Amino acid sequence: PETKEIVLKNRKIGLGIMGFAEMLIKLKIPYNSEQGVRTAEKMISFIRKEADKASEDLAAHRLTFPNWERSIYKKSKRPLRNATRLTLAPTGSISIIANTSFGIEPLFAVSFMRVLDDGTELLTVDKNFKDALVKIKLYNPEFMKYIAKKGSIQHMHSIPKNLRKIFVVSTDITSEYHVKI
């Protein structure tokens with residue numbers, strides 16, 4: 001009951017981003033680049049602006065969230081229906097179902113072995129990576145298993161540089177760019 005009371009007093013919602021790394025790949029923008037950072041800023045600015053506008057519109061019709069009087073928004077005289085509108089959502093399972101990358105994080109791997117409870121190993125290859133390699137006739141399952149063991153393609157000169165630049169995984173990215181994104 002206490003949790004329900006707090007939830008209703010603040011009416012928090014959490015809009016976020018799922019599939020960001022995949023979107024950058026499709027746009028041929030390296031995750032670990034200033035263009036990637038600008039794309040993230042532009043995207044979240046749009047989402048924030050629209051979420052704030054929608055929350056203000058709701059407040060005009062359905063009143064502000066009950067704790068508004070005690071919030072930081074009272075000073076700005078900004079009527080909002082929701083105390084928060086954005087979040088970095090944990091979307092691991094949902095992203096698997098949606099067949100996309102999770103949250104704003106970079107790809108975990110372009111190729112990896114998924115081990116089931118019974119010990120069965122399933123080769124999993126990022127669909128965009130597979131499509132790119134098929135297009136240039138480099139795709140084959142044995143090569144994907146090799147990549148899965150290596151973890152990164154950054155030092156694989158058999159893969160064209162333009163693909164290595166775009167298909168970065170979390171361990172390829174400096175802490176600076178993890179923070180910037």
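Is aspartate 57 buried, partly exposed or exposed, and what is its relative accessible area? In this predicted model, aspartate 57 is partly exposed, with a relative accessible area of 37%, where buried means under 20%, exposed over 50% and partly exposed in between, with a 1.4 Å probe and protein chains only. Residues are numbered from 1 along each chain as its sequence is written. Because the model is predicted, local features need pLDDT of at least 70 and side-chain atom pairs count only at pLDDT 80 or more, while totals for chains, interfaces and linings use all residues; side-chain values use heavy atoms, leaving out hydrogens and water.

The protein chain has 9 helices and 2 strands, these being DSSP runs numbered from the N terminus (helices are H or I, at least four residues; strands are E, at least two). Buried residues make up 36% of its 181 residues.

The structure holds 11 salt bridges, each a side-chain nitrogen of Lys or Arg within 4 Å of a carboxyl oxygen of Asp or Glu. Aspartate 57 pairs in this way with lysine 53, the closest N and O atoms being 3.4 Å apart, and the two residues, 4 residues apart in helix H3 (residues 34-62), are separated by about one helical turn. Lysine 53 is also partly exposed, at 45% relative accessibility.

Glutamate 56 forms a salt bridge with arginine 78, with 2.6 Å between the closest N and O atoms. Glutamate 56 lies in helix H3 and arginine 78 in the loop between helix H4 (73-76) and helix H5 (92-98), so the pair ties together parts that are 22 residues apart in sequence. A network of salt bridges links Arg48, Asp52, Glu56, Arg78 and Arg85.
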